[in-house]
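Subject: Structure handover

Hello,

Here is the structure I promised to pass on. Please open it alongside this email.

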Amino acid sequence: MHLSRRMLRHEIIWMVCDQLETPRTEYGPYFTRIEAEVAAIRLHACFLLRYEQGLNAEGQIISERVSAIRFPESGQDVRLTLVYTRCASCGAAERHDHLWQAEVWADIHEFENTGHKVRLFVRTTDNQLTEVNDWRSIAAARERTV
Ligand SMILES: [Zn+2]
């Protein structure tokens, strides 16, 4: 297949930060908005940055558009509600009204059951359960200053 040098593909990545002025520190990247929201809650960040990157055939970024979304949206402290945890190792599952409850549950479960790994699911507006990848690993988030 022939690929033109100018051929574009678009990629969306999400970063989170606590203010919009530069210089600022951004954390990420996250590949879904829900992952970015979970990270924003855990990092006490109040903006989600949506980067739309245009890449050429070699994978270099040749255009970038960023939009900032205040989080939580519209100033309400919505945060994440209705989250579900399920242990990948033993299948134990629980429903929570808030993310922090899910974290406490996961902490206790993983403390009491060595080697168990708790997964997080969020019910999205279209009523689907979506898994949030790497929800416990803030340490994995990279930092960059822009
Ligand atoms: Zn378990």
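Below is what I found, from the overall fold down to single residues.

Please keep in mind that this is a predicted model.

Overall layout

The chain has 146 residues, and 33% of them are buried. It holds 2 helices and 9 strands. Read from the N terminus, the order is β-β-α-β-β-β-β-α-β-β-β. I also looked at contacts between residues at least 6 apart in sequence: 54% of them link residues at least 24 apart.

The zinc site

Which residues hold the zinc ion? The protein donors are Cys-87 through SG, Cys-90 through SG, His-109 through NE2 and His-116 through ND1. Along the chain, the donors are spaced as C-x2-C-x18-H-x6-H. The angles between the 4 donor atoms around the zinc ion run from 105 to 116 degrees, so the arrangement is tetrahedral.

Are the cysteines buried or exposed? Cys-87 has 2% relative accessibility and therefore counts as buried. Cys-90 has 44%, so it counts as partly exposed.

The nonpolar cores

The largest nonpolar core contains 24 residues. Val-16, Leu-48, Leu-120, Val-132 and Trp-135 have the most contacts inside it. Five elements each supply at least two of its residues: strand 1 (9-17), helix 1 (33-43), strand 5 (83-87), helix 2 (99-112) and strand 7 (118-123). Helix 1 gives the largest share, with 6 residues.

Where does this core sit relative to the domains? Domain 1 (9-77 + 140-145) and domain 2 (83-136) both contribute residues, so the core lies between them.

There is also a second, separate core of 6 residues. Among its members are Met-15, Phe-47, Leu-49 and Tyr-51.

Val-16 is worth a look on screen. Setting aside residues up to four places away in sequence, Val-16 touches Thr-25, Glu-26, Tyr-27, Tyr-30, Ala-36, Ala-40, Leu-43, Ala-45, Phe-47 and Leu-48.

Helix 1

This helix is mostly covered, with 8 of its 11 residues buried. Those are Ile-34, Glu-35, Ala-36, Glu-37, Val-38, Ala-39, Ala-40 and Ile-41. What do they pack against? The partners are strand 1, strand 2 (25-30), strand 3 (47-55), helix 2, strand 7 and strand 8 (129-132). Just after helix 1, His-44 has a positive phi of about 55 degrees.

Glu-35

Glu-35 sits in helix 1. Its relative accessibility is 11%; the cut-off for buried is under 20%, so Glu-35 counts as buried. What does the Glu-35 side chain meet there? It makes a polar contact with the side chain of Thr-32 at 3.2 Å. It makes another with the side chain of Asn-133 at 3.4 Å. Leaving out neighbours within four places in sequence, Glu-35 is in contact with Tyr-30, Val-132 and Asn-133. Val-132 is also one of the residues with the most contacts inside the largest core.

That is the handover. Send questions back whenever you like.

Best wishes

Conventions
Residues numbered from 1 in each chain as written. Predicted model: local features only at pLDDT ≥ 70, side-chain atom pairs only at ≥ 80, totals over all residues. Heavy atoms only, no water. Core = buried A, V, L, I, M, F, W, Y, C linked by side-chain atoms within 4.5 Å. Buried < 20%, exposed > 50% of the residue type's maximum accessible area, 1.4 Å probe, protein only. Helix = DSSP H or I, 4+ residues; strand = E, 2+ residues; numbered from the N terminus. Domains from an automatic or database assignment. Contact = heavy atoms within 4.5 Å. Donors = N, O, S within 2.8 Å, 3.2 Å for Na, K, Ca; no water. Tetrahedral: all angles 85-135°; square planar, octahedral: opposite > 155°, others 65-115°. Polar contact = N/O pair within 3.5 Å; in protein donor to acceptor, adjacent residues only side chain to side chain.
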